[in-house]
Amino acid sequence: MEYFWYIAAALGAGIGTGLAGLSAATVMAPILIVLCPSFAGEYGAYQATAIALASDILGSAVTASVYAKNKKIDLKHGWIMLVCVIALSTAGSYAAYIVGNVALGGFTLVLTFCIGVRFLVKPSASGTNSDDRTVRLGVKQIIVSLFFGLTIGFGTGFVGTGGGMMMLVVFTAFLGYDQKTAVGTSTFIMTFTALIGFISHSLFNPAIVLERWNVLAICIITATAASLVSAQFANRVSSKTVGRVTGVILVVLGAAMIFLKDTLIKSSFYA
């Protein structure tokens, strides 16, 4: 039965990446943590996030390639974010290893639900100053890029995400990107951050590669295929449609996973 959830988690993760640049961990980690008994151990959540990061590598790469073909990637104002996110992701990964399963697993479930609500409330993220993307970064934009880049970088390692959703907000709200350009740019960056994060997780916990290789293979292949198809779909429809679809999926998934986890904890307590 776990193999069914592996495939379902990877499909959901790939769709989220292709549609809105979400990290695979937003969808994959909650499913693995809550519904797969083999991830219930001391480092189950840590290993689940590592597998999500591994799935993000190719998933983000193929997504970015689709957006690039549609001229929806702009690193002129995103290079600072790229450097900062990569620099702090390893530190976050080590912190996650120390914190352990309970805090990490619960945080991931709540994050999934909150991101879903955000998409339903505001399905389309529009750049505030998209015309300014042709000029050089100003002092304010540099400060914003440094602050959020370092924060997101730590978060990518700690929560096991590529930081796509957080980068999407920064790119649209502060750097003037339209939503599709923000998705394309963030998935390009996630390709590298996910790689760094996965390597860091695997070094801290080698069992991820040595004992979970079958789960890795299933999730990587499935998520990559789903990312490619959903990215092609996202570039053919409006941003609002993409946002609403993503929001519904994440709200339902997040609420269901929180409910199931709470039910399982209560069942174990009274057993």
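Modeller: Happy to. Of the 8 residues in H2, 7 are buried, so this helix is largely enclosed by the rest of the structure. Please keep in mind that this is a predicted model. The buried residues of H2 are Met-28, Ala-29, Pro-30, Ile-31, Leu-32, Ile-33 and Val-34.

Let us go on to the cysteines. Cys-36 is buried as well, because its relative accessible area is 1%. Cys-219 has 0% relative accessibility and therefore counts as buried too. A disulfide needs the two sulfur atoms within 2.5 Å, and the structure holds 0 disulfides.

Next comes Pro-37, which sits in the loop between helix H2 (28-35) and helix H3 (44-69). Pro-37 counts as exposed because its relative accessibility is 62%. In sequence, Pro-37 is 35 residues from Glu-2, yet their C-alpha atoms are 8.0 Å apart in space.

The model has 6 aromatic pairs. In one of them, the ring centres of Tyr-6 and Phe-39 are 6.4 Å apart and the planes meet at 85°, so the pair is edge-to-face. Tyr-6 belongs to helix H1 and Phe-39 to the loop between H2 and H3, so their pair ties together parts that are 33 residues apart in sequence. Both partners are covered: Tyr-6 is buried, with a relative accessible area of 5%, and Phe-39 counts as buried at 1% relative accessibility. Tyr-3 joins Tyr-6 and Phe-39 in a cluster linked by ring pairs.

Ile-7, Leu-11, Ile-15, Val-245 and Ile-249 make a nonpolar surface patch of about 350 Å². Helix H1 (2-20) and helix H11 (239-270) are the elements that give two or more residues to this patch, and H1 gives the most, with 3 residues. Leu-11 is found in H1 and counts as partly exposed because its relative accessibility is 39%. As a general point, an α-helix has 3.6 residues a turn, so residues three or four places apart point the same way.

Methods: Residues numbered from 1 in each chain as written. Predicted model: local features only at pLDDT ≥ 70, side-chain atom pairs only at ≥ 80, totals over all residues. Heavy atoms only, no water. Patch = residues over 30% accessible without salt bridge, like charges linked within 9 Å, V, L, I, M, F, W, Y side chains within 5 Å. Areas by Shrake-Rupley, 256 points an atom, 1.4 Å probe, with all protein chains shown as cover. Salt bridge = Lys/Arg side-chain N within 4 Å of Asp/Glu carboxyl O. Helix = DSSP H or I, 4+ residues; strand = E, 2+ residues; numbered from the N terminus. Buried < 20%, exposed > 50% of the residue type's maximum accessible area, 1.4 Å probe, protein only. Phe/Tyr/Trp six-rings, centres within 6.5 Å; stacked < 30°, edge-to-face > 60°.
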